[in-house]
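Please find below some notes for a colleague who is meeting this structure for the first time. The points are numbered so that each can be checked against the view in turn.

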Amino acid sequence: MSAPADDLVRTTPQGSVRGLRERGIVAWRGIPYAAPPVGPLRFRAPEPAPGWTGVRDATRFGPAAPQDRVQFVGVDATTPLSEDCLTINVIAPDGSAAGDDLPVLVFVHGGAYSVGSSREHPRQGETLVREGGVVYVSFNYRLGAFGYLDFTHWATPERPLESNLGLRDQVAALEWIRDAIRSFGGDPDRVTLSGESSGGNAVTTLMTVPRARGLFAGVIAQSSPPNAVYPPEVTRRWAGEFLEILTHALRDDDLESTSVDDAAELLAVAPTGAIVRAASQLQLRIPDEDPGTICFSPVIDGGFLPERPLDAFKAGRAHPVPLIIGTNDREGSVFTGRRDILATTKPRIRAIFAATKKKSRREIKKHYPGLPSRPAALDFGGDFAFWFPSVKVAERHAVHQPVRFYRFDATTRILRVAGLDAFHGLELWGVYDRMRSPFGWALSLLGGRRAFVRASARTRARWLEFVRTGSVEGWPTYDPFRRRTLIIDVRDRVEHDPRGERRRAWQEFVPHV
């Protein structure tokens, strides 16, 4: 790694930053895009980052948002955690300069809105930058109870509280990109917003957030659970349950330890670790109390997020941008153990069935032989959360804007032997070039590596073409009639309405989606 040079100094609205040059890219890391959400700004909407004088070092990632390192596979023990986590990272091609107006790809990390960070895979995005000549941006946002529980019911004049804090963080990051990215060689009018899993939910939701309008020109949603957005009466109940857990933990000797009358004060003074632990307990409970839901999710607050995103897509009120959206072949196959949050157990599936018509129940069971036993239960839960709602986004947005729909089937031999196949998140290891990591090498222990890497490279090339042009040559658009879908595998192909009978069964089973 060469020493930092003056050409690595770039200007942001807050001040100058110096990055580094390595591996054929230039990078700036850990830049504040909003004020630290601590002290009086805890549980408040993000405020602009304060400025600084001189040149700020931007060679290291900022800390990750507070999270449980064990439950749901959080960040490793070496990653620092802090509530002061709202930082952004930029990677550009070596030799690029301010004002180059290169296309920009922004990635929102996943992790059930409870774990993960933009530093989890430090080299992510570098291959895209080198191959595609794009600027790549990633960032942290508030997670768990800090970002995705709605405490507005307990706000007071002395301690106001806002909703959708993680979602607001994401908009603040996009506004920073709009204002600063030209200094890093990017074009603010050619920003593609992408995300996977809860990051996918973020980008499909942001397509319906009024304040996000005009902040991106295209969207790539990978394995999004688009319907994991809930009305305030539901999110208020979850927040209340969280507050009971927290008050019991901090005031166990108090006979009124479950009272939430002074919730705003409690939220202001509770230790970070206590909030994280209470959030973990809530996340363990909700899949059984409210099967099919994800407790850390955006809320339809009537203001910042005025309506259910799927309704906005249906009415043509989503932002008018082209969309790539899709899922993996077997989304639910890895949601076991620490990831057990989907509707994959007998009681959870029974609760979902109880809210449906008998005829539709018989039909849906035909497509999951052996239900509620596994692996049928895992496929049912994955399709309920990810695949069918993604189909609904595609068919609704396609009436108004170009949509390209995919299914990622590519996998390796060891994953087939293990019964996982193309599981949730697998495409990230290929598209974002993680296959040289220890887990990446383990994926190919029994063979199939070359074919998987080639399929991933073709996918990456399509993503880059979309970022550059807003279209993909040779990939037909989706519509509610032909439903042309790109199947990504050893040999890519286009199919008309793949799993069409299953799709129609889901339409009868959950017509409200």
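In which loop is Asp497 found? The first point takes this up, after a word on the source. This is a predicted model, in which local features need pLDDT of at least 70 and side-chain atom pairs count only at pLDDT 80 or more, while totals for chains, interfaces and linings use all residues. Residues are numbered from 1 along each chain as its sequence is written, and side-chain values use heavy atoms, with hydrogens and water left out.

1. Asp497 is found in the loop between β14 (493-496) and α16 (500-509), where helices (H or I, at least four residues) and strands (E, at least two) are DSSP runs numbered from the N terminus. Phi of Asp497 is near 50°, a positive value in a residue other than glycine. The relative accessibility of Asp497 is 18%, so the residue counts as buried; buried means under 20% relative accessible area, exposed over 50%, and partly exposed in between, with a 1.4 Å probe and protein chains only.

2. Arg499 is also placed in the loop between β14 and α16, and although Arg499 is not a glycine, its phi is positive at about 60°. With a relative accessible area of 30%, Arg499 is partly exposed.

3. Strand β7 (residues 102-108) deserves a look from several sides. Seven of the seven residues of β7 are buried, so this strand is largely enclosed by the rest of the structure. Six bridges join β7 to strand β9 (residues 186-196), and the two run parallel; two strands pair if DSSP finds at least two bridges between them. Val108 stands opposite Gly195 in β9.

4. β7 also pairs with strand β8 (residues 135-139), in the parallel sense and over four bridges, and the bridge partner of Phe107 in β8 is Ser138. From β7 the chain crosses through helix α1 (residues 126-132) to β8 in a right-handed β-α-β crossover, meaning that, with the strands pointing away from the viewer, the path from the first strand over the helix to the second runs clockwise.

5. The loop between α10 (358-366) and α11 (376-397) holds Pro372, and Pro375 lies in the loop between α10 and α11 as well. The peptide bond from Leu371 to Pro372 is cis, with omega near 15°, and the bond from Arg374 to Pro375 is cis with omega near 10°.

6. A search of the whole structure finds 29 aromatic pairs, in which rings of Phe, Tyr and Trp (its six-membered ring) have centres within 6.5 Å, and planes under 30 degrees apart count as stacked, over 60 as edge-to-face and the rest as tilted. Phe43 and Phe146 form a stacked pair, at 5.6 Å centre to centre and with 10° between the planes. This pair links distant parts of the chain, 103 residues apart, with Phe43 in the loop between β4 (25-32) and β5 (55-57) and Phe146 in helix α2 (residues 144-148). Phe43 is buried, with a relative accessible area of 4%, and Phe146 counts as buried at 7% relative accessibility.

7. One aromatic cluster is formed by Phe353, Tyr368, Phe380, Phe384, Phe388, Trp506 and Phe509.
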